[in-house]
Amino acid sequence: MFSNVTFFIFGPLMMFLMNAYVQKRSRYIYIIFILFTVVGLFSMYFHMTLSFLGQMLDEISILWLLAGGYSIWLPRCYFPTFLRKNRPQYICLVITTTVVITFLSFLRPTINAYALNTISLHVVYIVVKEYKKASNKDLRHLIEVAVVLWAFAFTSWISDRFLCSFWQWINFSYLHSIWHVLISITFPYGIVTMAMVDALYEMPDKTVKVCYWPRDTWPVGLPYLEISDDNKSC
């Protein structure tokens, strides 16, 4: 349960750090940070109650978080051709699909799992394509760190799910908690990666710089974007 505390820290903190970017891009981005915090809340509720409702709230909140990120940051070049790169229509399509999946999940819960896995695979596909195209060193570094963190998090989840008896045998029952912490750390890197890709496509006239909190000079930190009309640094 305490492993979810990082969700309540990183969500509001990233909302504060990304404020300058949000003001220039879209205030709807605040919804992403709110949804991330909600994911932590519902995850805590699920692990406290182990109820079906808790599981559904946990999984559906993740679905809506991914849908929100998809709506705002997916580059137009990846839109279905019939939408003709029209973002408002694309957002309507994503919301409609997410609403349908949400209702179907209560009838057949496995649908949500398939939806999350499908979205995850598509995100990986986009990240790989953008990494191959990227010449920006900051963007490449963000993608590399995000992928490494996600790989560690995913490995923890897989090990906990399929090797549970082994970890119980050696009296080590912290892998699921480690998964929660690692995925919450991956979130800022993933968000900033998509935001930077979006900025390079949608705001080509702006100077985009990746900064790190609390200090740029520290070996580790939370990434965020600074957007300006000139070459000002952080």
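Start by selecting Phe172, in the loop between helix 8 (164-169) and helix 9 (175-202). (Helices, H or I of at least four residues, and strands, E of at least two, are DSSP runs numbered from the N terminus.) Before going further: this is a predicted model, where local features need pLDDT of at least 70, side-chain atom pairs count only at pLDDT 80 or more, and totals for chains, interfaces and linings use all residues. Residues are numbered from 1 along each chain as its sequence is written, and side-chain values use heavy atoms, leaving out hydrogens and water.

Phe172 counts as partly exposed, at 31% relative accessibility. (Buried is under 20% relative accessible area, exposed is over 50%, and partly exposed is in between, with a 1.4 Å probe and protein chains only.)

Next stop, the rings. How many aromatic pairs does a search of the whole structure find? Five. (Rings of Phe, Tyr and Trp, the last by its six-membered ring, pair if their centres lie within 6.5 Å; planes under 30 degrees apart are stacked, over 60 edge-to-face, the rest tilted.)

Pick Phe33 and Phe187: the ring centres are 6.3 Å apart and the planes sit at 90°, so this pair is edge-to-face. Phe33 is in helix 3 (residues 30-49) and Phe187 in helix 9, 154 residues apart. Both Phe33 and Phe187 are buried.

Phe36 and Phe187 have ring centres 3.6 Å apart and planes at 5°, so they are stacked. Show Phe7 too, and you'll have the whole cluster that ring pairs make of Phe7, Phe33, Phe36 and Phe187.

Last, jump to Cys77, in the loop between helix 4 (52-73) and helix 5 (87-107). Cys77 is partly exposed, with a relative accessible area of 41%. Beyond its neighbours within four places in sequence, Cys77 is in contact (heavy atoms within 4.5 Å) with Lys85 and Tyr201. Tyr201 is 124 residues from Cys77 along the chain, yet their C-alpha atoms are separated by 9.4 Å.
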